[in-house]
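Dear colleague,

Please find below the sequence and the structure that I am handing over to you. My notes on the structure follow directly after it.

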Amino acid sequence: KARKYKRCMDLTSSRAELMEVSIEDTFEPMIQGYIILPSIFGITSSLGKSITMDADGTVAFGMEFTTTEIGQMISVLTSFISLAWCFSEYNSVQKNMYLDISGSPFSRIIMFLYMFFQVIARLTAFLMFTLYWGPGVYYPVIIFIFIHTKIAGLLHIIFSHDWAYWRKGKYLKFFHNVI
């Protein structure tokens, strides 16, 4: 009974952490990416020009970024890392900590990389969708994310076992899991 209670509390705690990190770290790369994405081609071309090779085979890096560009890239990167780590931690808790970094480091690193690239792909897709509407028009992506969240919550209700919480009268637990 105590083990079952601990598992329930671990899942609840991990899900709450996932919600917190998602709220804090999803909006930051969306805004920073929205600002920096149009100039990313200039950044990548300057990166390509900054790497040179001398006649003796020495490779030199001469990257020049503004402090704003560096700050934006660090901000986006740290948000991606924290989102990926939190998602992989949540999956580890769901698997009874069998994929914990101390128990299975190689599996956890692979899972983290998978989550990292998944976060990058999803946020880039949202950014491309946002840029379709033109500069400064950000409200369509907010509406789309709201609709996306409602549909994902409905699908979670349909395909999960959370109706048991509703039937037992644990409405807060039900809404916590759906959100």
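This is a predicted model: local features need pLDDT of at least 70, side-chain atom pairs count only at pLDDT 80 or more; totals for chains, interfaces and linings use all residues.

Residues are numbered from 1 along each chain as its sequence is written, and side-chain values use heavy atoms, with hydrogens and water left out.

Pockets

The search ran on a 1 Å grid over the protein atoms alone; a pocket is an open set of points where a 1.4 Å probe fits, with protein on both sides within 12 Å along at least five of seven lines, and lining residues have an atom within 4 Å of a point. Grid points are joined across faces, edges and corners, and a volume is the space filled by probe spheres set on the points.

The largest pocket has a volume of about 2000 Å³. Its lining comprises 44 residues, and those nearest the centre are L18, M19, S22, F87 and I179. Helices here are DSSP runs (H or I, at least four residues), numbered from the N terminus. At least two lining residues of the largest pocket come from each of α1 (2-36), α3 (67-94), α4 (105-132), α5 (139-159) and α7 (171-178). The most is given by α1, with 15 residues. By class, this lining has 23 nonpolar, 13 polar and eight charged residues; Ala, Val, Leu, Ile, Met, Phe, Trp, Tyr, Cys and Pro count as nonpolar, Asp, Glu, Lys and Arg as charged, and the others, Gly among them, as polar.

The second largest pocket has a volume of about 330 Å³. It is lined by 15 residues, with I36, I40, M73, V76 and F80 nearest its centre. Two or more residues of this lining come from each of α1, α3 and α4. Its lining has 12 nonpolar and three polar residues, and no charged residues.

Salt bridges

Side chains of opposite charge can pair when their charged atoms come close. Two salt bridges (a side-chain nitrogen of Lys or Arg within 4 Å of a carboxyl oxygen of Asp or Glu) are found in a search of the whole structure.

One joins the side chains of D10 and K6, at 2.6 Å from N to O. These two residues are separated by about one helical turn, because they are four residues apart in helix α1. D10 is partly exposed, at 30% relative accessibility; buried means under 20% relative accessible area, exposed over 50%, and partly exposed in between (1.4 Å probe, protein chains only).

The other joins the side chains of R108 and E89, at 2.7 Å from N to O. R108 lies in helix α4 and E89 in helix α3, so the pair ties together parts that are 19 residues apart in sequence. Both R108 and E89 are buried.

α3 has 28 residues and reaches 40 Å from its first C-alpha to its last, close to the expected 40 Å; the expected span is 1.5 Å times one less than the number of residues.

S92, in helix α3, is buried with a relative accessible area of 0%. Contact means heavy atoms within 4.5 Å; not counting residues up to four places away in sequence, S92 touches M97, Y98, L99, D100, R108 and M111. S88, also placed in helix α3, is likewise buried at 0%. Leaving aside neighbours within four places in sequence, S88 is in contact with R108, M111, F112 and M115.

Just after α3, N96 takes a positive phi of about 60°. N96 sits in the loop between α3 and α4 and is partly exposed, with a relative accessible area of 40%. The C-alpha atoms of N96 and D10 are separated by 9.2 Å, although the two residues are 86 residues apart along the chain.

α4 is followed by G134, whose phi is positive, near 105°.

L37 lies in the loop between α1 and α2 (40-50) and counts as buried at 19% relative accessibility. Leaving aside neighbours within four places in sequence, L37 is in contact with L127, M128 and L131.

With kind regards
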